[in-house]
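Here's a short tour for someone meeting this structure for the first time. Have a look at the sequence and the model, then read on.

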Amino acid sequence: GGGGFAGSRLFAGTTPVGPGAAAVTQTESARHVTGKVVRRELRAAPVTVDLAGRAVQTWAYDGVVPGKELRATAGDLLRIRLTNDLPEETTVHWHGLALRNDMDGVPGLTQDPVRAGASFDYAFVVPDPGTYWFHPHVGVQLDRGLQAPLIVEDPREPMSYDEEVVLMLDDWTDGWGDSPDVILERMARKGMVMGGMSMEGMDHGGMSMGDSMPSDEQPLGADTGDVVYPAHLINGRTSEDPFLINTTPGRRIRLRIINAGGDTAYRFAVGGHRLSVTHTDGFPVDPVEVDTLIVGMGERYDVVITTGDGAFPVVAVPEGKEAAPGFALLRTASGAAPAPDARPAELAGQLLSYADLRAVESAALEPREPDREFELGLQMVDGGRQWFINGAAFGDHEPLEIQSGERIRLVMRNESMMFHPMHVHGHTFALAGQNGRGIRKDTINVLPMESLSVDLQADNPGQWLIHCHNIYHGELGMMTVLSYV
Ligand code: C2O
Ligand code: CU
């Protein structure tokens, strides 16, 4: 089973942290300001879930897709006991948190994988408020439905709003009767098709370049025997049985949008509403109003809407894929619901770009010349059977060696025609240059043939993955390691 990391020669060996271990580290005690401990049991297991009346087999946390939200306050100590009732080994990665390295959940790099039938105690202090999520870091397990929101509240929340709603977007994969290896092989074949793709698939300044868009005439979902995405979900629900936001007019609602899809970026909009963008990957920005935005795999946005009077579609359109959008319903009054295939005009309205955003002062990284710079060339190889960084797949790289206290610049150079939502573990970086004025993120969509530079402060020692959050690209090689020496 699926441990893509085990066996890598980057695995230097780690100290296993078992039950009862994991005392609060020195760095953590400085952050452990609330003195509160949040405990949770988390059980990963095969389940049958109901998808609009269809019983489907998958794997999930605590029997539901997405898993139950985990909520804490910045400075809390989380103690989570993972029980692995899956037929193969797993781990949990806490996506976006600058947590202690030995709790980061990367098998073969930060911990031993948790064997089938075993359990593991995760214990760490949550440093920063924001919208996060968690998922396994073994193979493509996250694409089965092992995913859940992790919301870290701000003890001094500066933003005022009346309600909040978490919206988890996901591409539901059919055909889970197959092993992950089979799925991977199919994805790789899909990649072969992508190799023939031209620039013509792009519009809106290139932002709509969907991953894995087949370039031939066969729409996804056709009877090709290939993996298909028959459903795009918002909070585990389809348009036939949509997730409902039931409220009253004139309310300020904070939407915490998380893209948990393995292979799909979404264009998000709420019919009849403007989106005031307030956070990227958990960190605050000067609010900017737009009609629509694209959420790459692993990215999060917080937006505030002021509710109108009526019933409105909340839609997540899969970029570059011929498929029915994810659909939820916002209702503030009785009356007819919008059609489930409603395409609100906002989708074609003003689209958010990183360049529109600016970090608020408290979230800004103070400017400094980088001590080290690394260029990461992002490459498609062999028609998409492999995805490389600088000419090599994961396991064949020398790690990017850095020292604590340094300022690091990563130049992500996309040399392919797919976009790559690049994710750095254990840190939030600041987008350098004009292309997003200092906004803090941990996952960034690098567009086809584009270069983006991000700066991070090396303040969290350990071994940290950098990888594409198209989970198939990552698993097929597009990963490397940032290593404190
Ligand atoms: Cu959600 Cu290694 O990432
Ligand atoms: Cu990628």
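## Strand β29 and its partners

Strand β29 and strand β30 (residues 479-484) pair in the antiparallel sense, with five bridges between them. Strands here are DSSP runs of E at least two residues long, helices are runs of H or I with at least four residues, and both are numbered from the N terminus. Two strands count as paired if DSSP finds at least two bridges between them. In this pairing, W464 sits opposite L482 in β30.

How enclosed is strand β29 (residues 463-468)? Five of its six residues are buried, so the rest of the structure largely encloses it. Buried here means under 20% relative accessible area, exposed means over 50%, and partly exposed is in between, using a 1.4 Å probe on protein chains only.

## The five-stranded sheet

Those strands belong to an open sheet of five, in the order β22-β30-β29-β24-β27, with mixed pairing. β22 (400-402) and β27 (443-446) stand at the edges with a single partner strand each, so one side of each has no neighbour in the sheet. From one strand to the next, the twist averages 20°. Angles like this run from 0 to 180 degrees between N-to-C directions, with axes as lines fitted to C-alpha atoms (for helices, over the stretch in contact).

β22 runs parallel to β30, and three bridges join the two. L400 has L482 as its bridge partner in β30.

## The copper site

What holds the copper ion (ligand 2)? H420 (ND1), C468 (SG) and H473 (ND1) coordinate this ion at 2.0 Å. Donors are N, O and S atoms within 2.8 Å of the metal (3.2 Å for Na, K and Ca), and since water is not among the atoms, sites may look incomplete. Along the sequence, the donor residues are spaced H-x47-C-x4-H. The two histidines link distant parts of the chain: H420 lies in strand β24 (residues 420-424) and H473 in helix α3 (residues 471-475), 53 residues apart. Both H420 and H473 are buried.

## A six-stranded sheet

Another open sheet has six strands in the order β10-β9-β12-β17-β14-β15, again with mixed pairing. Its edge strands, β10 (231-234) and β15 (283-290), each pair on one side only. Its twist averages 25° from one strand to the next.

Strand β12 (residues 252-259) and strand β17 (residues 300-306) pair antiparallel over seven bridges. In that pairing, I258 stands opposite R300 in β17.

## The largest pocket

The largest pocket holds about 750 Å³ of space. It's lined by 35 residues, with D128, P129, F283, P284 and A363 nearest its centre. β15 gives the largest share of the lining, four residues. By type, the lining divides into 17 nonpolar, eight polar and ten charged residues.

A pocket is an open set of points on a 1 Å grid over the protein atoms alone, where a 1.4 Å probe fits, with protein on both sides within 12 Å along at least five of seven lines; lining residues have an atom within 4 Å of a point. The volume is the space filled by probe spheres set on the points, which are joined across faces, edges and corners. Ala, Val, Leu, Ile, Met, Phe, Trp, Tyr, Cys and Pro count as nonpolar, Asp, Glu, Lys and Arg as charged, and the others, Gly among them, as polar.

## About the model

This is a predicted model, where local features need pLDDT of at least 70 and side-chain atom pairs count only at pLDDT 80 or more, while totals for chains, interfaces and linings use all residues. Residues are numbered from 1 along each chain as its sequence is written, chains are lettered from A and ligands numbered from 1 in the order in which they are written, and side-chain values use heavy atoms, leaving out hydrogens and water.
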